[in-house]
Amino acid sequence: MTKKYYIETYGCQMNVADSEIVASILGEAGYEPVTDIRLADLILVNTCSIRENAEQRVWGRLDLFRSEKKKRPRVVVGVLGCMAERLKERLLESDKMVDLVVGPDAYRDLPLLLETASSGHSAVNVLLSREETYADISPVRLESNGVSAFISIMRGCNNMCAYCVVPYVRGAERSRDPGTIVREARDIFAQGYREVTLLGQNVNSYSWTGNAFNLNPDPSTAEDEDSVSRSAIAGKNDTVVMLHDPEVNNMQNIGFPELLEKVASIDPLLRVRFSTSHPKDLSDDLLKVMAKHDNICRHIHLPVQSGSSTVLARMNRKYTREWYLGRIAAINSILPGCSLSTDIIAGFCGETEEEHQETLSLMRTVGFDFAYMFKYSERPDTRAARLMKDDVPERVKTRRLNEIIALQNELSASSKKADIGKIVRVLTEGKAKKPAGAMMGRTSGNKVVVFQADSIRPGDYVDVIVTRSTSATLIGNLVQ
Ligand code: SAH
Ligand code: SF4
Ligand code: F3S
């Protein structure tokens with residue numbers, strides 16, 4: 001009988017993409033997915049450490065999984081992802097809360113670890129790798145709408161922003177073989193997908209050096225692929241499995257603009273998005289590539305974190321308020337009408353009232369279409385935790401965050417209102433939650449559009465005239 005697994009995913013899009021890698025590895029090992037934990041032989045939770053409350057949610061879920069295990073002792077419970085590295089001792093010791101702990105670079109080891117866990121022993125691999133990119137693994141799209149897919153183009157991060165746990169839990173930055181990225185994008189387009197989002201913690205620093213072809217001159221033999229995979233687990237080998245792509249082979253140095261152009265050239269009907277761009281590395285070359293290809297979406301997510309140069313310096317973001325505004329000016333001039341979204345942290349160490357006001361004023365100046373907004377949450381071992389005081393009182397953090405959210409709500413509403421009367425091109429994703437019978441999709445600028453339609457299917461492009469808006473959604477009618 002095939003074994004069944006249940007997987008729950010927390011955190012960013014990269015974790016979603018990683019769960020799809022895990023699904024592929026488990027599928028090869030004879031497991032099939034289920035959506036009801038009562039049917040699962042294996043329960044997995046892919047975790048996030050970015051803020052304290054992200055971890056709290058996972059502990060809550062683990063309590064529930066443990067009660068399932070009490071009922072059915074043979075069930076294996078496993079923790080994957082970003083909490084694994086940091087919390088392996090606590091996870092395994094606290095009353096044997098879990099059987100299996102696997103870090104983000106060790107998923108190839110899952111089949112072996114599962115054998116160990118099934119025999120009643122704790123199984124752990126939280127080693128971080130300098131090479132692993134899972135380049136050769138075709139993800140199994142788990143909760144896909146059949147229209148949009150994520151493709152990881154790199155892993156880890158070298159930036160060391162003072163507040164951030166990612167470099168510690170995901171390790172050093174490494175870029176994936178461009179040939180495998182283009183091939184994956186081409187495959188999913190052939191399967192009917194119409195949108196890919198290229199993912200990395202800082203996509204602008206994507207860099208593939210070396211001759212992909214020479215790295216593995218004969219990738220067609222299965223034996224070679226196996227040996228490369230195995231040595232990647234051992235962490236001894238700096239090669240990555242290369243799958244032939246004649247257009248990409250032999251290129252010496254591919255940066256993000258070149259990669260983006262390759263993917264955009266697959267087909268004009270394939271929309272291409274990317275996330276995340278670090279402001280310090282956003283180049284005019286990238287903006288020019290975007291301007292050249294209509295199917296590269298007119299949306300840039302450019303996390304600012306704070307509008308104050310002194311806070312940015314304490315955060316080790318390596319840019320100033322002026323630099324950031326300069327990048328926004330470049331976007332507005334090279335890509336007029338491009339949507340802008342951002343991430344903002346309220347109440348970072350030592351943040352004064354004036355510094356907070358600078359964040360509000362920057363938000364007004366840029367007029368973001370959308371933002372993710374957070375209260376600063378100290379993460380153990382980060383530079384901020386080691387060297388700075390988390391000294392903004394909780395009620396002040398809350399008040400500042402509320403001010404940021406209130407302002408963003410106004411900005412989001414006016415950005416949507418400005419679209420009333422316009423005809424927008426929408427990629428249909430599926431049925432809208434409401435009203436009944438309506439469909440939803442997104443504009444190139446990543447705005448959600450709800451419209452009435454009978455014979456429109458997910459994946460169809462339609463033109464919609466916008467008649468109304470809320471702060472989150474455009475509402476309109478099909479243009480015949
Ligand atoms: N690599 C991306 C961000 C990844 S984390 C980038 O550099 O833009 C996503 C967001 O979580 C960050 O942009 C930041 O706004 C927020 N974040 C990260 N660490 C945090 C912390 N300790 N407390 C609060 N928010 C945090
Ligand atoms: Fe974290 Fe900074 Fe890296 Fe983003 S760029 S993942 S915020 S360290
Ligand atoms: Fe969270 Fe890890 Fe992503 S910490 S935000 S899941 S990289």
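## Around ligand 3

Let's start with the shell around ligand 3, which has four nonpolar, four polar and one charged residues. Here Ala, Val, Leu, Ile, Met, Phe, Trp, Tyr, Cys and Pro count as nonpolar, Asp, Glu, Lys and Arg as charged, and the others, Gly among them, as polar. The residues surrounding ligand 3 are Gly11, Cys12, Asn15, Cys48, Ser49, Ile50, Cys82, Arg170 and Gln201, where near means a heavy atom within 4 Å.

This is a predicted model: local features need pLDDT of at least 70, side-chain atom pairs count only at pLDDT 80 or more, and totals for chains, interfaces and linings use all residues. Residues are numbered from 1 along each chain as its sequence is written, chains are lettered from A and ligands numbered from 1 in the order in which they are written, and side-chain values use heavy atoms, leaving out hydrogens and water.

## Domains

The protein chain is divided into domain 1 (3–125), domain 2 (144–297), domain 3 (298–418) and domain 4 (423–478), with bounds from an automatic or database domain assignment. Between the centres of domain 1 and domain 4, taken over C-alpha atoms, lie 37 Å.

## A three-stranded sheet

Next comes an open sheet of three strands, in the order E7-E10-E13 with parallel pairing. Strands are DSSP runs (E, at least two residues), numbered from the N terminus, and two of them pair if DSSP finds at least two bridges between them. Strand E7 (148–152) and strand E13 (271–275) stand at the edges with a single partner strand each, so one side of each has no neighbour in the sheet.

Strand E10 (residues 195–199) is joined to E13 by five bridges, and Leu198 stands opposite Phe274 in E13.

Technical notes:
Helices (H or I, at least four residues) and strands (E, at least two) are DSSP runs, numbered from the N terminus.
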